[in-house]
Amino acid sequence: MVINLKDIRLKGKTEEEFSFSYEPEKNLCDIPGVELVSPVKIDGVVSLIGRTAAFVEMTVAFTLKGDCTFCLRETTREYFIDSEQEFSADNEYGYLLQRDSIDLTKLVVDEITLNMPINFTCESGCKTPPKMEF
Ligand SMILES: [Zn+2]
């Protein structure tokens, strides 16, 4: 998910829309019995801030599929995460702009990890207690 900022500049633009499909690592979802469905969809806009920084606004859409934590029925849910982040050349601990490019992969992985639900439930918010198995 690399965006070449030079290409945008060469077109005489200061911002550009982007769209990616990303095949995530399966272990990004650590909820038992639940899987992260491929691909994750990323749509957004990148804005140039001079030559050494860029600002990204994007929506990361991912789908989880698996057993509801409470009632154990199979369910599928979509999650939409809005993310805003600056990339810069001197951002030692953050998201780097290097060789006039930015790579969204780390940011996307971080957003999915941070927004992974603790409980995976049915669409309406399941309140059914887990089935007891004897
Ligand atoms: Zn449920």
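A residue is called buried if 20 or more other C-beta atoms lie within 10 Å of its own, exposed if 12 or fewer do, and partly exposed in between, with C-beta atoms placed from the backbone. With 16 C-beta neighbours inside 10 Å, Asp-100 therefore counts as partly exposed. Welcome to this structure, which is a predicted model: local features need pLDDT of at least 70, side-chain atom pairs count only at pLDDT 80 or more, and totals for chains, interfaces and linings use all residues. Residues are numbered from 1 along each chain as its sequence is written.

**Overall layout**

- The protein chain has two helices and seven strands; helices (H or I, at least four residues) and strands (E, at least two) are DSSP runs, numbered from the N terminus.
- Starting at the N terminus, the elements of the protein chain follow the pattern β-α-β-β-β-β-β-β-α.
- The radius of gyration of the protein chain is 18 Å, well over the 14 Å that the globule rule gives for 134 residues, so the chain is more spread out than a compact globule. This radius is taken over C-alpha atoms, and the globule rule is 2.2 Å times the number of residues to the power 0.38.
- Along the principal axes, the C-alpha atoms of the protein chain fill a box of roughly 65 × 25 × 20 Å.
- Of the 134 residues in the protein chain, 16% are buried.
- Among contacts in the protein chain with a separation of 6 or more, 62% are between residues 24 or more positions apart. Two residues are in contact if their C-beta atoms, placed from the backbone, lie within 7 Å.

**The sheet**

- Seven strands make an open sheet in the order S1-S7-S6-S5-S4-S3-S2, with mixed pairing; two strands pair if DSSP finds at least two bridges between them.
- Strand S1 (2–4) and strand S2 (15–22) stand at the edges with a single partner strand each, so one side of each is left without a neighbour in the sheet.
- From one strand to the next, the twist averages 25 degrees. Axes here are lines fitted to C-alpha atoms, for helices over the stretch in contact, and angles run from 0 to 180 degrees between N-to-C directions.
- S4 and strand S5 (residues 74–88) run antiparallel and are joined by 15 bridges. Thr-63, for instance, stands opposite Glu-78 in S5.
- S5 and strand S6 (residues 95–98) run parallel, and two bridges join them. Phe-87 stands opposite Tyr-95 in S6, while Ser-88 has Leu-96 in S6 as its bridge partner.

**The nonpolar core**

- The largest nonpolar core has 18 residues, and those with the most contacts inside it are Val-60, Leu-104 and Val-108. Such a core is a set of buried Ala, Val, Leu, Ile, Met, Phe, Trp, Tyr and Cys residues joined through C-beta atoms within 7 Å.
- Strand S3 (34–49), strand S4 (53–67) and helix H2 (105–114) each supply at least two residues of this core, and S4 gives the most, with five residues.
- Leaving aside residues up to four places away in sequence, Leu-104 touches Met-1, Ile-3, Phe-20, Ile-42 and Val-56.

**Helix H2**

- The buried residues of H2 are Leu-107, Val-108, Glu-111 and Ile-112. Seen down the axis of H2, these buried residues fall within an arc of 130 degrees, so they line one face of the helix; the arc is that of the directions from the helix axis to the C-beta atoms.
- What covers the buried residues of H2 includes S2, S3, S4, S5 and S6.
- On the face of H2 turned away from its buried side are the exposed residues Thr-113 and Leu-114.

**Spots to look up in the loops and strands**

- S4 and S5 form a hairpin with six residues between them, and Leu-72 in the turn has a positive phi of about 70 degrees, although Leu-72 is not a glycine. Leu-72 is partly exposed, with 15 other C-beta atoms within 10 Å.
- Asp-100 lies in the loop between S6 and strand S7 (101–103). Its phi is near 60 degrees, a positive value in a residue other than glycine.
- Glu-25 sits in the loop between S2 and S3 and counts as exposed, with 9 C-beta neighbours inside 10 Å.
- The C-alpha atoms of Glu-25 and Asp-100 are separated by 27 Å, and these residues are 75 residues apart along the chain.
- Ser-38 and Pro-39 are joined by a cis peptide bond, with omega about -10 degrees; Pro-39 is in strand S3.
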